[in-house]
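Here are a few notes to read with the model open beside you. Take them one at a time.

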Amino acid sequence: MKARLLALLLVLTACGGTPEPPPPSPSPSAPPCPEGGVEFGTVGGEAAMGLRVLTLEMRNCGTGEYRVSGYPDLRLLDEDGTPLDVVVEHGSTGVSRIESFEQPPTELVLAPGDHATAGIVWRNTYHDTTNPPQVGARIDIAPLEGRPRQTFTPRLGTDGGPPQSSSPATTIDLGSTGRIGVSPWQPPRN
């Protein structure tokens, strides 16, 4: 009996040694990268005396470099997904003077996982009470005009942290102004 067991062990050893362990179970996969290779979200916002600023983030979720130079192409949508009649200006001078919004666009090359930011600014003031307020609930955006678009709900982080899918949604209440300013894409500030 011992001889047979020893012979079987020798045969198994000669055939390649110990068997390989089974492959690991697949981990939960991340959502697929949207068409165009980037995804959007918000990373912060500020409000003071009717002036509002929201920071947008674009992350390269693709597998290659992503080049961008210019301003985000965005539209505001109401709660029902209908585009609002809003003037979107490059820079901030139509709303308030903010230096970072007035910088000229530069070319950014985003490696996979890298991100860029842009700001939007608006005033929540009412000068004309005969017009209903313009309130954006969602942002329809492309990195630049002519590139694939996405729609998302802006969210603000809690306690100064980054927004999560469970963070409260924020609205872009333009009052009666009907105008927002947008900065060019910039490298993220540290």
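**Notes on the pocket and its surroundings**

1. Let's start with the lining of the largest pocket: six of its residues are nonpolar, nine polar and three charged. Here Ala, Val, Leu, Ile, Met, Phe, Trp, Tyr, Cys and Pro count as nonpolar, Asp, Glu, Lys and Arg as charged, and the others, Gly among them, as polar.

2. Before going on, note that this is a predicted model, where local features need pLDDT of at least 70, side-chain atom pairs count only at pLDDT 80 or more, and totals for chains, interfaces and linings use all residues. Residues are numbered from 1 along each chain as its sequence is written, and side-chain values use heavy atoms, with hydrogens and water left out.

3. Which residues lie nearest the centre of the largest pocket? They are T55, T117, A118, G119 and R189, out of 18 lining residues. Strands β1, β2 (51-60) and β7 (115-123) each give the lining at least two residues.

4. Now have a look at G41, which sits in strand β1 (residues 38-48). Strands are DSSP runs of E, at least two residues, and helices are runs of H or I, at least four, numbered from the N terminus. G41 and T117 are 76 residues apart in sequence, yet 9.6 Å apart in space, C-alpha to C-alpha.

5. Beyond its neighbours within four places in sequence, G41 touches T55, L56, E57 and F152, where contact means heavy atoms within 4.5 Å.

Technical notes:
1 Å grid on protein atoms, 1.4 Å probe; cavity = no way out; pocket = protein on both sides within 12 Å on 5 of 7 lines; lining within 4 Å.
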